[in-house]
Amino acid sequence: MKRILAGLVLALAITGTANAETVLRVGDQKGNARSVMEAAGVLSDLPYRVEWSEFPAAAPLLEALNADAIDAGSVGDAPFTFAAAAGVPVKAIAAIRSKQDGLAIVVPKDSPVQGLQDLAGKTVGTGRGSIGHQLILAALENAGLKPDAVTIVFLLPAEAKAALSSGAIDGWSTWEPYTSQLELQEGARRVVTGVGITPGLSFLVARPDAIEAKRAALQDFVGRLAKARSWGTTNYPAYAGIWSKLVGLPQEVALQYLSRQAVRPVAIDDTVVADEQKTIDLYFRAGLIQTQLDANTVLDRSFNDPVLAELAKK
């Protein structure tokens, strides 16, 4: 509950139509969706009102969703899977793919660790059920190593950053923009990345009751977000400027993060369903979840039309 309240304290409201009756409560991570939508100029004529809540990671965002403190939010495929298997009322209604160079296990610049094999027997911090956790499990499995080959310590980003700096952990399995921030500001090194190991999926997720009660607003929001994501892939400097001001990190961090990740909207199609099923199966094999979900039951394809319409413009 403390994490939920901490996220809600950072809630920032933007004005759509002044007298709009519908309020869409949207959770965001490090300015992810909000910054690109502001930069692309797609928030100026909303027929409903959006209330943004900022969270440091997916776990507290999903806690807020579970507590009905928000209607929807942007999270990676791994924490979404973890939450859905735990019984959180959530469905994915839109998807994006990104390059996986920035999803990485990072070590201090003077660390002797050069690769995954060097991390055997060492301690790596990450968020429980996060895409960082996904990377560790997938990388170990890909290398033929057991899940306990490394000791995993579950930490929120601020805690993990401090632990890495103090030497309390040997590596941090994290994601952007934390990866770029560590590299550019502290000289940290990536020794394992998600390239070729993880699918690079993230979702806009929503509560089923919000899908039912606020479908029109969510459908419109999905279309605007897809438009903004498409704009972002070719306008990194402008996007980085807005993101930097919103999040409070240097623009050089934003430029590296955004250009390296190269986020693009995709429809929730058979390929996305198959990749989500692989994540579910990975977590089940590792014992991280006890329920082997069917991806089709947690992915909602009924919001694909505005995404497909945007993709058709290319």
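This is a predicted model: local features need pLDDT of at least 70, side-chain atom pairs count only at pLDDT 80 or more; totals for chains, interfaces and linings use all residues.

Modeller: Strand β7, residues 123-126, runs parallel to β9, and 2 bridges join them.

Colleague: Which residue stands opposite tryptophan 172 in β9?

Modeller: Glycine 125 does.

Colleague: And how does strand β6 run relative to β9, parallel or antiparallel?

Modeller: Antiparallel, with 3 bridges between β9 and β6, which covers residues 104-107. Valine 106 has tryptophan 172 of β9 as its bridge partner.

Colleague: Which way do the residues of β9 point, and are they buried or exposed?

Modeller: Strand β9 covers residues 171-174; Gly171 and Ser173 point one way, Trp172 and Thr174 the other, and all are buried. Side chains in a regular strand alternate between the two faces of the sheet.

Colleague: Zooming out, how many helices and strands are there in the chain?

Modeller: The chain has 13 helices and 12 strands. Its radius of gyration is 19 Å, close to the 20 Å from the globule rule for 314 residues, so the chain is as compact as a globular protein of that length.

Colleague: What box do the C-alpha atoms fill?

Modeller: Roughly 60 × 40 × 40 Å, along the principal axes.

Colleague: What share of the residues is buried?

Modeller: Of the 314 residues, 56% are buried. The accessible surface is about 12900 Å², and carbon and sulfur atoms account for 52% of that.

Colleague: Last one, charges. How far apart are the mean positions of the positive and negative ones?

Modeller: They are 3 Å apart, for 30 positive and 33 negative charges.

Note on methods. Residues are numbered from 1 along each chain as its sequence is written. Side-chain values use heavy atoms; hydrogens and water are left out. Helices (H or I, at least four residues) and strands (E, at least two) are DSSP runs, numbered from the N terminus. The radius of gyration is taken over C-alpha atoms; the globule rule is 2.2 Å times the number of residues to the power 0.38. Buried means under 20% relative accessible area, exposed over 50%, partly exposed in between (1.4 Å probe, protein chains only). Accessible areas come from the Shrake-Rupley method with a 1.4 Å probe; for residues, only the protein chains shown count as cover. Lys and Arg count as positive and Asp and Glu as negative; His and the chain ends are not counted. The place of a charge is taken as NZ of Lys, CZ of Arg, CG of Asp or CD of Glu. Two strands pair if DSSP finds at least two bridges between them.
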